[in-house]
Amino acid sequence: MDPLRETDWAEHWKQLVGARHGQAWQFHDPAFWDKRARSFAAATSGRGDGFLEVLEPWLEPHRTLIDVGAGAGRYAAPLADRLDWVTAVEPSQGMRDLIPPKDNMTVIATSWEHAEAAPADFAICCHVLYGVADAPAFIRKLEAAATERVFIELRYGQLLTASDPIWELMTGSRRARQPEFADLWNLLLEMGIEADVNALEYEGFESWPDVATFEAEYRPPLEDSWDDKKAETWLAENVTRDAGGKLVYHRGRRSAGVAHWRPRR
């Protein structure tokens, strides 16, 4: 058996998502992202990860774009300044509240699976597919919505936010891994998509104004197993304070891949 050729990559992806979701479904709840919105925006809004540079050859004032899983608008907002129209699809109210208002931006308050968005020249989807069980259907919908090009960004390797070490510390068990770029690449090939690829590098970190904000973000999904002493020890060993007094969790250099292609018709 040739594992690359014989593996059902769609089923493999589904099993990865199911195993991780089964351990801690609360981290996939939009309510969790409502609480995490401000710390997520603080960690990503000013981060130069090279994704906008990947888009640069295709950006023209008359073009339109859909940002699927727009978060707090870190890409949608600057792209609205470069394009004719941007549609931001985001299910979390906390995230949507942080998207800068733009006269040429529509914000759709739901997940991509349920969104009804007008077609656009481009569809982008950055760090969203990790929790999507039916990735082929999700990707086919991206293709159907984009007339010129689809862009999907996923990490090389695993999540390095505080959620995994905190979950493992409190529960005593290791979290199942997420899908990553290698899984996406094999899935795309299985779907008949031969994409171009750009590799990106960036510095990752999380920050919180104080301990209470950190606990408000991470304690609710783990309420049944939360241990104040363990949390205090983890913070002391892994988190520093910056000059302004904020808690900072440094995740080091990260890398991600961007798969992009012209939609098949």
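**Close-up views of a predicted model**

**View 1. Contacts of Trp261 in the predicted model.** Leaving aside neighbours within four places in sequence, Trp261 is in contact with Ile139, Glu143, Glu148, Arg149, Val150, Ile152, Leu188, Ile193 and Ala195.

**View 2. The largest nonpolar core.** This core has 33 residues. The members that touch the most other members are Trp112, Leu129, Ile139, Leu142, Ile152, Leu184 and Trp261. Two or more residues each come from α2 (9-23), β1 (64-68), β4 (120-126), α7 (135-145), β5 (146-155), α9 (181-190) and β8 (247-261). Helix α7 gives the largest share, five residues. Another core, of 21 residues, lies apart from this one and includes Val86, Ile99, Met105 and Phe151.

**View 3. Helix α9 and its buried residues.** Which residues of α9 are buried? They are Phe181, Asp183, Leu184, Asn186, Leu187 and Leu188. An α-helix has 3.6 residues a turn, so residues three or four places apart point the same way. The buried residues of α9 pack against α1 (3-6), α2, α7, β5, β6 (196-208) and β8. After α9 comes Gly192, with a positive phi near 85°.

**View 4. The second largest pocket.** Its volume is about 160 Å³. The lining consists of Arg20, Gln158, Leu159, Asp164, Pro165, Glu168, Arg174, Arg175, Ala176 and Arg177. Helix α8 (residues 163-171) gives the most to this lining, with three residues.

Conventions. Residues are numbered from 1 along each chain as its sequence is written. This is a predicted model: local features need pLDDT of at least 70, side-chain atom pairs count only at pLDDT 80 or more; totals for chains, interfaces and linings use all residues. Side-chain values use heavy atoms; hydrogens and water are left out. A nonpolar core is a set of buried Ala, Val, Leu, Ile, Met, Phe, Trp, Tyr and Cys residues joined through side-chain atoms within 4.5 Å. Buried means under 20% relative accessible area, exposed over 50%, partly exposed in between (1.4 Å probe, protein chains only). Helices (H or I, at least four residues) and strands (E, at least two) are DSSP runs, numbered from the N terminus. Contact means heavy atoms within 4.5 Å. On a 1 Å grid over the protein atoms alone, a cavity is a set of points where a 1.4 Å probe fits but cannot get out, and a pocket is an open set with protein on both sides within 12 Å along at least five of seven lines; lining residues have an atom within 4 Å of a point. Grid points are joined across faces, edges and corners, and a volume is the space filled by probe spheres set on the points.
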